[in-house]
Amino acid sequence: VQATYTTNLHEELRKNTIKVVCNADVSEGVFVRGKDVSLAETYVRTPNSPRKAIGGRPASRRSILAFFAGQMHGRVRPILLRHWRRRDRDMRIYEVLPDEIAAKMSYIEHMKSSKFCICPMGYEVNSPRIVEAIYYDCVPVIIADNFVLPFQEVLDWSAFSVVVAEKDIPSLKEILLGISGRRYVRMQTNVRRLRKHFLWNDKPVKYDLFHMILHSIWFNRLNHVHVR
(Lines give C-alpha, C1' and ligand atoms only; values in the text may rest on other atoms or scores of the structure.)
Protein backbone atom coordinates (compact mmCIF):
# COMPACT_ATOMS: atom_id res chain seq x y z
CA VAL A 1 0.00 0.00 0.00
CA GLN A 2 2.74 2.46 0.94
CA ALA A 3 4.45 1.89 -2.42
CA THR A 4 1.33 3.24 -4.13
CA TYR A 5 1.52 6.56 -2.35
CA THR A 6 5.32 6.72 -2.46
CA THR A 7 5.15 6.40 -6.25
CA ASN A 8 2.78 9.33 -6.32
CA LEU A 9 5.41 11.51 -4.64
CA HIS A 10 7.86 11.07 -7.53
CA GLU A 11 6.79 12.76 -10.74
CA GLU A 12 8.89 10.61 -13.07
CA LEU A 13 7.58 7.37 -11.58
CA ARG A 14 4.03 8.70 -11.52
CA LYS A 15 4.13 9.54 -15.21
CA ASN A 16 6.02 6.48 -16.47
CA THR A 17 4.84 3.53 -14.42
CA ILE A 18 1.73 1.39 -14.35
CA LYS A 19 0.73 0.68 -10.76
CA VAL A 20 -0.79 -2.75 -10.11
CA VAL A 21 -2.62 -2.35 -6.82
CA CYS A 22 -5.51 -3.73 -4.78
CA ASN A 23 -6.56 -0.27 -3.60
CA ALA A 24 -8.01 0.86 -6.95
CA ASP A 25 -9.83 3.86 -5.49
CA VAL A 26 -10.30 6.68 -8.01
CA SER A 27 -11.47 9.13 -5.33
CA GLU A 28 -8.00 9.46 -3.79
CA GLY A 29 -6.27 10.75 -6.92
CA VAL A 30 -3.62 8.03 -6.73
CA PHE A 31 -5.07 5.27 -8.91
CA VAL A 32 -5.50 6.38 -12.53
CA ARG A 33 -8.31 4.63 -14.38
CA GLY A 34 -7.20 3.29 -17.77
CA LYS A 35 -3.52 3.53 -16.86
CA ASP A 36 -3.10 1.62 -13.61
CA VAL A 37 -4.27 -1.96 -13.02
CA SER A 38 -6.77 -3.05 -10.39
CA LEU A 39 -5.46 -6.23 -8.77
CA ALA A 40 -7.89 -8.91 -7.63
CA GLU A 41 -7.20 -9.34 -3.91
CA THR A 42 -7.02 -13.00 -2.93
CA TYR A 43 -6.66 -15.08 0.20
CA VAL A 44 -5.48 -18.61 -0.54
CA ARG A 45 -6.35 -20.79 2.46
CA THR A 46 -4.23 -23.77 1.37
CA PRO A 47 -1.20 -22.55 -0.63
CA ASN A 48 -0.05 -26.10 -1.40
CA SER A 49 -3.45 -26.89 -2.88
CA PRO A 50 -5.00 -23.60 -4.08
CA ARG A 51 -8.06 -25.30 -5.59
CA LYS A 52 -8.98 -27.19 -2.43
CA ALA A 53 -12.67 -26.92 -1.38
CA ILE A 54 -13.51 -24.64 -4.31
CA GLY A 55 -17.08 -24.84 -5.57
CA GLY A 56 -20.48 -24.61 -3.93
CA ARG A 57 -24.10 -25.65 -4.03
CA PRO A 58 -26.38 -25.08 -7.03
CA ALA A 59 -28.88 -22.21 -6.88
CA SER A 60 -31.74 -24.52 -5.89
CA ARG A 61 -29.91 -25.61 -2.71
CA ARG A 62 -28.94 -22.16 -1.43
CA SER A 63 -31.31 -21.39 1.43
CA ILE A 64 -29.68 -18.15 2.65
CA LEU A 65 -30.36 -14.95 0.72
CA ALA A 66 -27.27 -12.98 1.81
CA PHE A 67 -24.28 -13.55 4.10
CA PHE A 68 -21.49 -11.48 5.62
CA ALA A 69 -19.22 -12.00 8.61
CA GLY A 70 -16.10 -9.97 9.22
CA GLN A 71 -14.16 -7.47 11.26
CA MET A 72 -15.46 -3.94 11.69
CA HIS A 73 -13.14 -1.51 9.93
CA GLY A 74 -13.66 1.14 7.31
CA ARG A 75 -16.73 3.31 6.79
CA VAL A 76 -19.10 0.79 5.19
CA ARG A 77 -19.21 -2.26 7.47
CA PRO A 78 -20.55 -0.47 10.56
CA ILE A 79 -23.39 0.92 8.41
CA LEU A 80 -24.13 -2.55 7.03
CA LEU A 81 -24.37 -4.02 10.52
CA ARG A 82 -26.39 -1.14 11.89
CA HIS A 83 -29.07 -1.77 9.30
CA TRP A 84 -29.03 -5.56 9.01
CA ARG A 85 -27.49 -7.33 12.01
CA ARG A 86 -30.13 -9.58 13.58
CA ARG A 87 -32.88 -7.75 11.73
CA ASP A 88 -33.87 -10.34 9.15
CA ARG A 89 -33.42 -14.11 9.00
CA ASP A 90 -32.79 -13.96 5.25
CA MET A 91 -29.91 -11.53 5.79
CA ARG A 92 -27.22 -13.38 7.76
CA ILE A 93 -25.08 -10.37 8.67
CA TYR A 94 -22.58 -10.76 11.53
CA GLU A 95 -19.58 -8.94 12.92
CA VAL A 96 -17.83 -12.18 13.75
CA LEU A 97 -19.56 -15.47 13.14
CA PRO A 98 -20.83 -16.50 16.61
CA ASP A 99 -19.35 -19.72 17.99
CA GLU A 100 -22.76 -21.38 18.40
CA ILE A 101 -23.55 -20.71 14.73
CA ALA A 102 -20.08 -21.61 13.45
CA ALA A 103 -20.35 -24.96 15.26
CA LYS A 104 -23.33 -25.82 13.06
CA MET A 105 -22.20 -24.15 9.82
CA SER A 106 -18.71 -22.84 9.11
CA TYR A 107 -17.88 -19.56 7.39
CA ILE A 108 -17.12 -21.39 4.13
CA GLU A 109 -20.34 -23.42 4.34
CA HIS A 110 -22.27 -20.18 4.78
CA MET A 111 -20.72 -18.91 1.55
CA LYS A 112 -21.49 -22.17 -0.22
CA SER A 113 -25.09 -22.05 1.00
CA SER A 114 -25.86 -18.38 0.28
CA LYS A 115 -27.20 -16.89 -2.93
CA PHE A 116 -25.36 -13.62 -2.41
CA CYS A 117 -22.16 -12.94 -0.50
CA ILE A 118 -21.88 -9.35 0.74
CA CYS A 119 -18.45 -7.85 0.02
CA PRO A 120 -18.22 -4.44 1.71
CA MET A 121 -15.00 -2.46 1.61
CA GLY A 122 -12.82 -2.41 4.71
CA TYR A 123 -9.88 -0.08 5.20
CA GLU A 124 -9.65 0.01 1.40
CA VAL A 125 -12.14 -0.38 -1.43
CA ASN A 126 -11.05 -3.92 -2.31
CA SER A 127 -11.73 -7.06 -0.31
CA PRO A 128 -10.57 -10.69 -0.69
CA ARG A 129 -14.22 -11.65 -0.12
CA ILE A 130 -15.01 -10.80 -3.73
CA VAL A 131 -12.76 -13.54 -5.09
CA GLU A 132 -13.62 -15.81 -2.17
CA ALA A 133 -17.31 -15.56 -3.10
CA ILE A 134 -16.44 -16.47 -6.68
CA TYR A 135 -14.50 -19.51 -5.45
CA TYR A 136 -17.62 -20.80 -3.68
CA ASP A 137 -20.10 -20.05 -6.50
CA CYS A 138 -21.71 -17.26 -4.49
CA VAL A 139 -22.70 -14.11 -6.41
CA PRO A 140 -20.66 -11.25 -4.90
CA VAL A 141 -22.43 -8.08 -3.81
CA ILE A 142 -19.83 -5.32 -3.90
CA ILE A 143 -20.34 -2.25 -1.71
CA ALA A 144 -17.46 0.16 -2.29
CA ASP A 145 -18.01 3.48 -4.01
CA ASN A 146 -15.21 4.62 -6.37
CA PHE A 147 -13.79 1.09 -6.75
CA VAL A 148 -12.41 0.17 -10.19
CA LEU A 149 -13.15 -3.54 -10.44
CA PRO A 150 -10.36 -5.85 -11.65
CA PHE A 151 -10.17 -6.74 -15.35
CA GLN A 152 -13.00 -4.36 -16.32
CA GLU A 153 -11.50 -4.07 -19.80
CA VAL A 154 -12.50 -7.67 -20.57
CA LEU A 155 -15.02 -8.78 -17.92
CA ASP A 156 -18.60 -7.54 -17.63
CA TRP A 157 -19.03 -7.58 -13.87
CA SER A 158 -22.78 -6.94 -14.13
CA ALA A 159 -23.10 -10.46 -15.58
CA PHE A 160 -21.84 -12.17 -12.42
CA SER A 161 -21.97 -9.67 -9.53
CA VAL A 162 -24.10 -6.94 -8.01
CA VAL A 163 -22.67 -3.50 -7.28
CA VAL A 164 -24.61 -1.59 -4.62
CA ALA A 165 -23.98 2.06 -3.79
CA GLU A 166 -23.11 2.73 -0.17
CA LYS A 167 -26.15 4.99 0.19
CA ASP A 168 -28.40 2.06 -0.80
CA ILE A 169 -27.40 -0.24 2.08
CA PRO A 170 -30.82 0.27 3.78
CA SER A 171 -32.45 -1.11 0.59
CA LEU A 172 -30.08 -4.05 0.25
CA LYS A 173 -32.65 -6.82 0.68
CA GLU A 174 -35.09 -5.11 -1.68
CA ILE A 175 -32.35 -4.84 -4.32
CA LEU A 176 -31.43 -8.51 -4.03
CA LEU A 177 -35.04 -9.70 -4.08
CA GLY A 178 -35.54 -7.63 -7.22
CA ILE A 179 -33.22 -10.02 -9.08
CA SER A 180 -35.40 -12.67 -10.68
CA GLY A 181 -34.72 -16.35 -10.18
CA ARG A 182 -33.86 -16.76 -13.85
CA ARG A 183 -31.39 -13.89 -13.77
CA TYR A 184 -29.81 -15.21 -10.58
CA VAL A 185 -29.22 -18.63 -12.14
CA ARG A 186 -27.51 -16.94 -15.11
CA MET A 187 -25.33 -14.90 -12.74
CA GLN A 188 -24.31 -17.92 -10.70
CA THR A 189 -23.58 -19.88 -13.88
CA ASN A 190 -21.35 -17.01 -15.01
CA VAL A 191 -19.56 -17.04 -11.64
CA ARG A 192 -18.64 -20.68 -12.23
CA ARG A 193 -17.62 -20.00 -15.83
CA LEU A 194 -15.43 -17.03 -14.91
CA ARG A 195 -13.88 -18.58 -11.80
CA LYS A 196 -10.87 -19.77 -13.82
CA HIS A 197 -9.82 -16.13 -14.27
CA PHE A 198 -9.45 -15.68 -10.50
CA LEU A 199 -7.60 -18.89 -9.69
CA TRP A 200 -3.96 -19.24 -8.72
CA ASN A 201 -2.21 -22.40 -9.86
CA ASP A 202 1.05 -24.07 -8.83
CA LYS A 203 2.21 -23.19 -12.34
CA PRO A 204 0.40 -20.53 -14.40
CA VAL A 205 -2.40 -21.91 -16.56
CA LYS A 206 -3.83 -20.15 -19.59
CA TYR A 207 -6.46 -17.53 -18.62
CA ASP A 208 -5.81 -17.85 -14.86
CA LEU A 209 -5.24 -14.94 -12.48
CA PHE A 210 -1.55 -14.64 -13.31
CA HIS A 211 -2.30 -14.28 -17.01
CA MET A 212 -5.23 -11.92 -16.37
CA ILE A 213 -2.92 -9.54 -14.51
CA LEU A 214 -0.38 -9.64 -17.33
CA HIS A 215 -3.14 -9.01 -19.85
CA SER A 216 -4.37 -5.95 -17.94
CA ILE A 217 -0.86 -4.52 -17.82
CA TRP A 218 -0.38 -5.17 -21.53
CA PHE A 219 -3.81 -3.71 -22.39
CA ASN A 220 -3.26 -0.50 -20.43
CA ARG A 221 0.26 -0.11 -21.77
CA LEU A 222 -0.94 -0.62 -25.34
CA ASN A 223 -3.56 2.09 -24.89
CA HIS A 224 -0.85 4.55 -23.87
CA VAL A 225 1.55 3.90 -26.72
CA HIS A 226 1.70 6.97 -28.91
CA VAL A 227 1.95 6.08 -32.58
CA ARG A 228 3.96 8.61 -34.58
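**View 1. The side chains of E166 and R75 make a polar contact in this predicted model.** The two side chains come to 2.8 Å; a polar contact is a pair of N or O atoms within 3.5 Å, where, within protein, one must be able to donate a hydrogen and the other to accept it, and residues adjacent in sequence count only if both atoms are side-chain atoms. E166 sits in the loop between β7 and α7 (172-177); helices (H or I, at least four residues) and strands (E, at least two) are DSSP runs, numbered from the N terminus. E166 is buried at 15% relative accessibility, where buried means under 20% relative accessible area, exposed over 50%, and partly exposed in between (1.4 Å probe, protein chains only). Beyond its neighbours within four places in sequence, E166 is in contact with R75, V76, M121, I143, A144 and D145, contact being heavy atoms within 4.5 Å.

Residues are numbered from 1 along each chain as its sequence is written. In this predicted model, local features need pLDDT of at least 70, side-chain atom pairs count only at pLDDT 80 or more, totals for chains, interfaces and linings use all residues, and side-chain values use heavy atoms, with hydrogens and water left out.

**View 2. C117 and C138 form the one disulfide of the structure.** Their sulfur atoms are 2.2 Å apart, and a disulfide is a pair of cysteine sulfur atoms within 2.5 Å. The pair links distant parts of the chain, with C117 in strand β5 and C138 in the loop between α6 and β6, 21 residues apart. The torsion about the S-S bond is about 110°, so the disulfide is right-handed. C117 is buried at 0% relative accessibility, and C138 is buried at 0% as well. The sulfur of C119 is 6.4 Å from that of C117, its closest cysteine sulfur, which is too far for a bond.

View 3. Y184, M187, Q188, N190, V191 and L194 are buried. The buried residues pack against β5 (114-120), α6 (129-135), β6 (139-143) and β7 (162-163).
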